[in-house]
Amino acid sequence: MDEKISVIIPVYNLENVIEKCIDSVLNQTYDSIEIIIIDDGSCDSSPQIIARYAKEYSNIKIIKQKNRGVTAARLAGVKEATGDYIGFVDGDDYIDADMYEILMKNIRQYHADISHCGYQMEFSDGRNRTFYNTGDVVIQDNTKGLIDLISGVRVEPGLWNKLYRKKLFENFKQDESIKINEDLLMNYYLFKKAQKSVFFDICKYHYIIRENSA
């Protein structure tokens with residue numbers, strides 16, 4: 001049986017974009033996936049939209065909480081996750097259908113604790129910028145992973161283009177009041193615990209630049 005991936009999607013007032021995000025996770029070529037959607041106190045129609053999805057798909061679970069921010073939402077999802085690996089997708093972004101299949105293949109091939117890929121940034125005017133799409137495969141031990149993360153070389157500070165072995169989150173805590181570079185801080189803790197990471201530089205995550213985004 002395939003190892004399970006728990007995909008955590010924080011949602012706050014994303015009624016116009018959340019369906020595309022959820023659909024992209026549902027359409028993954030990797031089958032063993034549970035989707036945990038955290039409604040972080042939305043006051044638009046997002047709760048009704050995600051409730052409809054949860055009613056239709058048995059692998060979707062919803063967590064409701066008062067608005068506490070993205071870090072609290074993600075950690076609430078981790079707490080409820082039953083998967084062997086954890087992935088994060090921001091509710092206003094989307095992913096290619098084979099992203100998790102590729103990341104899991106690399107985890108198995110290289111016996112890695114973290115598997116990550118490149119991404120592409122999409123702008124409202126139609127422009128698209130890739131980071132970096134070289135096709136390179138880079139193996140990172142504990143030290144190299146941290147150096148690459150801090151230097152900004154090879155490791156995107158975001159959480160959303162990566163898969164993490166769930167054991168990395170054991171006894172994990174982070175100050176939920178931190179609102180700037182909170183992704184980088186969480187990655188620092190996780191890469192510090194990881195014995196090996198593998199980076200495959202193909203752009204499978206779509207990061208959407210939109211007005212009024214956090």
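Visitor: What are helices and strands here?
Guide: This is a predicted model. Helices and strands are DSSP runs. A helix needs at least four residues, and a strand needs at least two. Their numbers count from the N terminus.

Visitor: Is the peptide bond from F131 to Y132 cis or trans?
Guide: Look at the omega angle. For this bond, omega is near -5 degrees. The bond from F131 to Y132 is cis.

Visitor: Is R154 buried, partly exposed or exposed?
Guide: R154 is found in the loop between α5 (142-151) and β9 (162-165). Its phi is positive, about 75 degrees, although R154 is not a glycine. Buried means under 20% relative accessible area, and exposed means over 50%. R154 has 28%, so R154 counts as partly exposed.

Visitor: Is N181 buried or exposed?
Guide: N181 lies in the loop between β9 and α6 (182-193). N181 is not a glycine, yet has a positive phi of about 60 degrees. The relative accessible area of N181 is 53%, so N181 is exposed.

Visitor: Which helix holds Y188, and what accessible area does its nonpolar patch have?
Guide: Y188 is found in helix α6. With a relative accessible area of 31%, Y188 is partly exposed. A patch residue needs over 30%. I150, Y188 and Y189 form the nonpolar surface patch, and together their accessible area is about 290 Å².

Methods. Residues numbered from 1 in each chain as written. Predicted model: local features only at pLDDT ≥ 70, side-chain atom pairs only at ≥ 80, totals over all residues. Heavy atoms only, no water. Buried < 20%, exposed > 50% of the residue type's maximum accessible area, 1.4 Å probe, protein only. Patch = residues over 30% accessible without salt bridge, like charges linked within 9 Å, V, L, I, M, F, W, Y side chains within 5 Å. Areas by Shrake-Rupley, 256 points an atom, 1.4 Å probe, with all protein chains shown as cover. Salt bridge = Lys/Arg side-chain N within 4 Å of Asp/Glu carboxyl O.
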